[in-house]
Amino acid sequence: MTSATDTHGGHDDHAHGPAKGLMRWVLTTNHKDIGSMYLWFSFIMFLTGGAMAMIIRAELFQPGLHIVEPAFFNQMTTMHGLIMVFGAVMPAFVGLANWMIPMQIGAPDMAMPRMNNWSFWILPFAAVMLISTLFMEGGGPNFGWTFYAPLSTDYAPPSTTFFIFAIHMLGISSIMGAINIIATILNLRAPGMTMMKMPLFVWTWLITAYLLIAVMPVLAGAVTMMLLDIHFGTSFFNAGGGGDPVLFQHIFWFFGHPEVYIMILPSFGIVSAIIPAFARKGLFGYTSMVYATASIAFLSFIVWAHHMFTVGIPLIGELFFMYATMLIAVPTGVKVFNWVTTMFRGSMTFETPMLFSIAFVVLFTIGGFSGLMLSIAPADFQYHDTYFVVAHFHYVLVPGAIFAIFAAVYYWLPKWTGHMYDETLAKTHFWLSFIGMNLTFFPMHFVGLAGMPRRIPDYALQFANFNEISSVGGFLFGTTQFLFLFIIIKCIRGGEKAPAKPWEGAEGLEWSVPSPAPYHTFTTPPDVK
């Protein structure tokens with residue numbers, strides 16, 4: 001039976017040379033090690049998906065460029081979406097959960113450390129399988145990240161089977177991570193840490209984990225039905241055999257809409273930790289934040305068909321999904337109100353985590369307003385499948401998910417590494433990212449309203465100027481992320497030593513109750529008396 005030191009990747013591992021050092025990472029059950037691996041994996045995927053976005057923006061820099069084949073352009077749009085959702089954003093949040101949740105609730109580790117290791121190591125293999133489809137005969141998936149049938153079943157490249165398997169593996173990893181997070185939060189809280197005293201990051205992840213368990217099997221069902229249609233002669237989505245292509249959209253979006261909230265709820269928790277810290281005030285309306293998060297999670301299950309207003313659903317259905325979608329704006333508005341009220345008359349300072357958090361609140365709200373426009377069914381007939389939709393969901397996901405991840409990394413990096421990052425470089429990273437992001441996606445509102453369709457490698461001349469601006473902004477945003485990489489590596493390697501309270505005057509707000517400090521799980525646990 002292995003000792004606690006071995007399973008926790010403790011100091012003994014370094015005594016036996018490089019192989020043992022490598023095996024520490026392969027076999028570790030330490031939540032900090034696994035959190036770090038999730039974060040590094042997600043960053044590699046972020047750069048990979050970003051490179052694909054650069055190909056897309058290069059092609060769209062001017063009309064008629066033909067830098068890449070139209071088929072390859074379609075593969076890039078598909079893989080960019082899949083990699084960013086399943087490879088970059090979700091693993092980053094799971095990495096943050098692994099690092100922070102045990103420490104925030106006073107737990108020694110995650111509830112199921114070995115399963116934690118397993119759920120991580122599935123990811124690199126799934127990602128390699130997904131990316132390898134690009135090198136297979138007929139190319140990779142070319143049907144959009146939403147892989148609508150029958151395009152993805154009757155007209156798909158042979159590599160689709162491997163794509164389906166990769167999606168299954170990614171889903172299995174997510175479900176195991178979610179089970180582990182729920183078990184940890186419900187069972188391993190320190191004495192005195194009641195549910196309503198938990199930091200909001202813990203609350204948002206608890207709710208997110210339930211969403212994951214509810215919807216990942218639905219996605220698994222959709223891709224399994226695709227597999228059966230492709231190889232076993234069924235006709236789930238083939239109208240010629242009595243199936244229904246619209247059925248695929250219903251199943252996919254029943255997964256896909258809660259999935260959008262899976263990628264945003266942990267951000268709410270991060271921002272709810274950072275804004276009070278740098279405003280030097282307690283969070284305004286803690287209880288309402290918990291209930292608003294739960295409301296958003298519930299409502300996310302009953303709005304899926306707002307992605308489908310143009311498929312011919314009955315008028316009563318359109319009305320229901322229109323009003324239900326508008327209703328989500330209410331708990332989201334409560335959150336924005338609470339964040340702004342927390343900042344109001346606070347003793348605010350503007351370090352990098354706070355800058356990213358404020359940008360999150362402002363830009364995420366812009367994405368929310370364009371979402372409200374898209375929820376109006378008759379108007380959506382005009383916006384549907386135009387660049388307006390692309391602008392909308394990137395305003396939700398880039399400032400929403402990615403800026404929040406940046407904020408979290410800067411906020412907790414001193415705790416993780418023992419060193420302060422370079423504030424000047426970090427602020428440069430923020431401003432270049434902020435400008436690049438807005439230059440990229442704001443013009444898309446205009447070309448979308450003027451009728452430019454999405455997922456098309458060429459376009460009419462009247463859209464040229466705005467697309468040029470978007471492409472310049474895209475390359476600015478993309479290249480800036482190498483500065484982020486440099487800042488992190490510089491911080492890990494050394495620099496100014498972080499004080500016990502890295503954000504002076506901002507402490508005492510991150511942990512809700514005075515619980516015993518968890519032991520540092522890189523070392524042997526203290527003897528249990």
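**Figure 1. His 66 sits in the loop between α3 (31-59) and α4.** Helices here are DSSP runs of H or I with at least four residues, and strands are runs of E with at least two, numbered from the N terminus. The model is predicted, so local features need pLDDT of at least 70 and side-chain atom pairs pLDDT 80 or more, while totals for chains, interfaces and linings use all residues. Residues are numbered from 1 along each chain as its sequence is written, and side-chain values use heavy atoms, leaving out hydrogens and water. His 66 is exposed, with a relative accessible area of 55%. Exposed means over 50% relative accessible area, buried means under 20%, and partly exposed lies in between (1.4 Å probe, protein chains only). Phi of His 66 is near 55°, a positive value in a residue other than glycine. Most residues other than glycine have a negative phi.

Figure 2. The C-alpha trace spans about 70 × 55 × 45 Å along its principal axes. Of the 529 residues, 56% count as buried. Contact means heavy atoms within 4.5 Å. Among contacts between residues at least 6 apart in sequence, 81% join residues at least 24 apart.

**Figure 3. Asp 385 is found in the loop between α13 (377-383) and α14.** Asp 385 has a positive phi of about 60°, although it is not a glycine. This residue is partly exposed, with a relative accessible area of 37%.

**Figure 4. Tyr 383 lies in helix α13.** Tyr 383 counts as buried, at 14% relative accessibility. Leaving out residues up to four places away in sequence, Tyr 383 touches Met 373, Leu 374, Phe 388, Val 389 and Leu 449. Met 354 is 29 residues from Tyr 383 along the chain, and their C-alpha atoms are separated by 34 Å.

**Figure 5. The peptide bond from Ala 149 to Pro 150 is cis.** Its omega is near 0°. Most peptide bonds are trans. Pro 150 is found in the loop between α5 and α6.

**Figure 6. Phe 143 and Phe 163 form an aromatic pair.** A search of the whole structure finds 51 aromatic pairs. Rings of Phe, Tyr and Trp (its six-membered ring) pair if their centres lie within 6.5 Å; planes under 30 degrees apart count as stacked, over 60 as edge-to-face and the rest as tilted. The ring centres of Phe 143 and Phe 163 are 5.5 Å apart and the planes stand at 65°, so this pair is edge-to-face. Phe 143 lies in the loop between α5 (113-132) and α6 (160-187), and Phe 163 in helix α6, so the pair ties together parts that are 20 residues apart in sequence. Both Phe 143 and Phe 163 are buried.

**Figure 7. Tyr 410 and Tyr 421 form a tilted pair.** Their ring centres are 5.0 Å apart, with the planes at 55°. Tyr 410 lies in helix α14 (residues 387-417) and Tyr 421 in the loop between α14 and α15 (423-449), so the pair ties together parts that are 11 residues apart in sequence. Tyr 410 is buried, with a relative accessible area of 0%. Tyr 421 is buried too, with a relative accessible area of 6%.

**Figure 8. Trp 503 is found in the segment after α16 (464-493).** At 5% relative accessibility, Trp 503 counts as buried. Neighbours within four places in sequence aside, the contacts of Trp 503 include Tyr 410 and Tyr 421. Also among them are Phe 278, Glu 351, Pro 353, Tyr 411, Pro 414, Met 420 and Glu 423. His 231 is 272 residues from Trp 503 along the chain, and their C-alpha atoms are separated by 58 Å.

**Figure 9. Ala 107 is found in the loop between α4 (70-105) and α5.** Ala 107 is buried, with a relative accessible area of 2%. The C-alpha atoms of Ala 107 and Gly 346 are separated by 32 Å, and the two residues are 239 apart along the chain.
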